[in-house]
Amino acid sequence: MTGPTTAAAQTAPAGVIHDLAYRRYEGRRTGAATRFLVILRYAARVQFRQRSVKLFLLMGLMFMGIAAVILAFSMLPQMLMADAIAEQGSRAQAQLQESIQGTPASVLRYVLTGQWLSTFLLVLVCGAPAVAADLNAGAFQFHFARPVSVGQYLAGRLLGAMVWPALLLYPALVIYSVMWLAFKGPPAQVALLLAKGLLVVTLRLVTMAAVALGCSSLTRRRGLAQAMFAALVVGTWMTAGLVSKVTDRPWISSLDVTGSTHLLAGQIVKAVTFQGAAVAAPALANAAWIGVFLAIAWWRLARAEVVRG
């Protein structure tokens, strides 16, 4: 009688006990000053999975190639003129100097204007939804409970909104500057242009990313955040440009989110000149766009409800 029962008991599956105790973290630890890089790496990785990001990067590369061809044709007379200086004397030298003075403005114009659409679209899909998505998902409890601060989070998100547009703007600046050098541009002036261009491009990226994060922090809806950012950028571009033309006051274009950087670039290479208080308008406008919208994002993040352990 006990035979079948004993056999059944022996064939029954036995339970397995798993150890659910917490284990000490044994991985690599990073310093507090570099914690924002964790957020940056995560953001860049997630963004690149989007098909739209890859599409806009390809579009930017196409614009870069087209602009390079156009710029090369505009630089060709300068190269030919440099070869003919010895034969034609001072008149050719004056014409060459005039051409050289206009080249930095052309390079920066092709960098900023030629990549305007692609960089705008990349910030739209990478930066504008970032904070809104975290608000909707309740991710601040994960970020801020320990050990990431508001400043570190905001720095990571700001750089995350800039990383893919930067892959279009910085290479375009370097390529166009090298082209000018190849077309017999003065090495010292090319190096100076490159330094000024790095400042302008960085300012353009920070301005657009700051505005995107400020808009994103005001809502939990990704689509609404993107719509707010697009309306602000396109709306100020159209309105400021129209008013500046109607009133014949070019400095009003500095009230545009991207136009402020464009006018500042013109001032840096001495292609745009203003009189009186208008001289400070582009710089003040850039500072205002960055400062106000980063302050909005900081205020919103500082008010996030977090249970700290």
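1. Lys270 is exposed, at a relative accessible area of 72% (exposed means over 50%, buried under 20%, partly exposed in between; 1.4 Å probe, protein chains only). Lys270 lies in the loop between helix 11 and helix 12 (281-302). Its phi is positive, about 60°, although Lys270 is not a glycine. Most residues other than glycine have a negative phi.

2. This is a predicted model: local features need pLDDT of at least 70, and side-chain atom pairs count only at pLDDT 80 or more, while totals for chains, interfaces and linings use all residues. Residues are numbered from 1 along each chain as its sequence is written, and side-chain values use heavy atoms, with hydrogens and water left out.

3. Asp248 also has a positive phi of about 60° and is not a glycine. Asp248 sits in the loop between helix 10 (222-247) and helix 11 (259-268). Asp248 counts as exposed, at 64% relative accessibility.

4. Helix 2 (residues 36-48) has 13 residues. Helices are DSSP runs of H or I, at least four residues, numbered from the N terminus. Ile39, Leu40, Ala43, Ala44 and Gln47 are the buried residues of helix 2. They cover an arc of only 130° around the axis (taken from the directions from the helix axis to the C-beta atoms), which puts them on the same side of helix 2.

5. The largest nonpolar core has 68 residues (buried Ala, Val, Leu, Ile, Met, Phe, Trp, Tyr and Cys residues joined through side-chain atoms within 4.5 Å). Helix 8 (residues 150-182) gives the largest share of this core, 15 residues. Val107, Val111, Tyr176 and Phe229 have the most contacts inside the core.

How values were computed. Helices (H or I, at least four residues) and strands (E, at least two) are DSSP runs, numbered from the N terminus. The expected span of a helix is 1.5 Å times one less than its number of residues.
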